[in-house]
Amino acid sequence: MADSEGSKADPHVDNGSSNPPKKQAFIPLENNPEVMTALVQKLGLPQSLAFHDVYSIDEPSLLEFVPRPVHALLLVFPVTSTYEESRRTEDEPLPEYSGSGSGEEVIWFRQTIRNACGMIGLLHSACNGGARGMIAPSTDLATLIENALPLDPAARARLIESSPSIARAHASAAAQGDTAAPAADEKVDLHFVAFVKSAENNLWELDGRRKGPLNRGKLGDEDDVLAEKALDMGVRRFLKRETEGEGDELRFSLVALAPSMD
């Protein structure tokens, strides 16, 4: 996979919240599992976890190539008018998320850095679900979680904006991959959304452009986020809406955070 993330009328900054957009910008990440794996391992995940391409969500023979359990799914898709309309419609009646503290079922990061949706998606994948318990102590991810937990979403966004370790890791990853990295202010059109399973067996959709984390429903104890029930409530639901609005030409990719094959 070699697509890049980006913005369309700057869709990768949270313009729907009470906080004004920030001028800070990241170079878009390449949608490449190897690059993503190197980034999260640099930040604190063990080498026993890696990102893998998911080549189909309907063909059992292709799903078998993905190691299990899958701790997070990262959906990469073009920002469309259907996505924007659905986001506004669903978010309109919802309050701004204000969660903080150790009692949160998931940790959610609001995106305020332009072209950082890849990094935010990776943080959502690594800092929640089964992966969170595998973060090595005293690493950048462990420190980020420790510092972010007591903060509200606005303060968490400022924490990420001011984090040298996040910025350095992102810049290093953006320089890797199979294609030349675009400029930080270049307008491209892909967005990243994570799906994770909480300790309470809920499937959460985590998108830094929304008003907060979205609970998509209850999973069974034995289900991971690539289970049929999770796909129906998460990725398939998302793609069905997009296909109905945009037609069958919707391009997307899906990567899974799961045990490494090494």
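1. A quick word on terms to start: axes are lines fitted to C-alpha atoms, for helices over the stretch in contact, with angles running from 0 to 180 degrees between N-to-C directions. Helices (H or I, at least four residues) and strands (E, at least two) are DSSP runs, numbered from the N terminus. Please keep in mind that this is a predicted model, where local features need pLDDT of at least 70, side-chain atom pairs count only at pLDDT 80 or more, and totals for chains, interfaces and linings use all residues. Residues are numbered from 1 along each chain as its sequence is written, and side-chain values use heavy atoms, with hydrogens and water left out.

2. Now to the helix pair: the axes of α3 (residues 81–91) and α10 (residues 235–246) come within 9 Å and cross at roughly 120 degrees. The two are therefore oblique to each other (angles under 35 degrees count as roughly parallel, over 145 as roughly antiparallel, 65 to 115 as roughly perpendicular and the rest as oblique).

3. As for who touches whom (contact means heavy atoms within 4.5 Å), α3 brings Ser81, Thr82, Tyr83, Ser86 and Glu90, while α10 brings Arg237, Phe238, Arg241, Glu242, Gly245 and Glu246.

4. Within α3, the buried residues are Thr82, Tyr83, Glu84, Ser86, Arg87 and Asp91 (buried means under 20% relative accessible area, exposed over 50%, partly exposed in between, with a 1.4 Å probe and protein chains only). They pack against β4 (72–78), β5 (190–197) and α10.

5. Leucine 45 is worth a look too: leaving aside residues up to four places away in sequence, Leu45 touches Val40, Ala126, Ala131, Ile135, Leu141 and Leu257.
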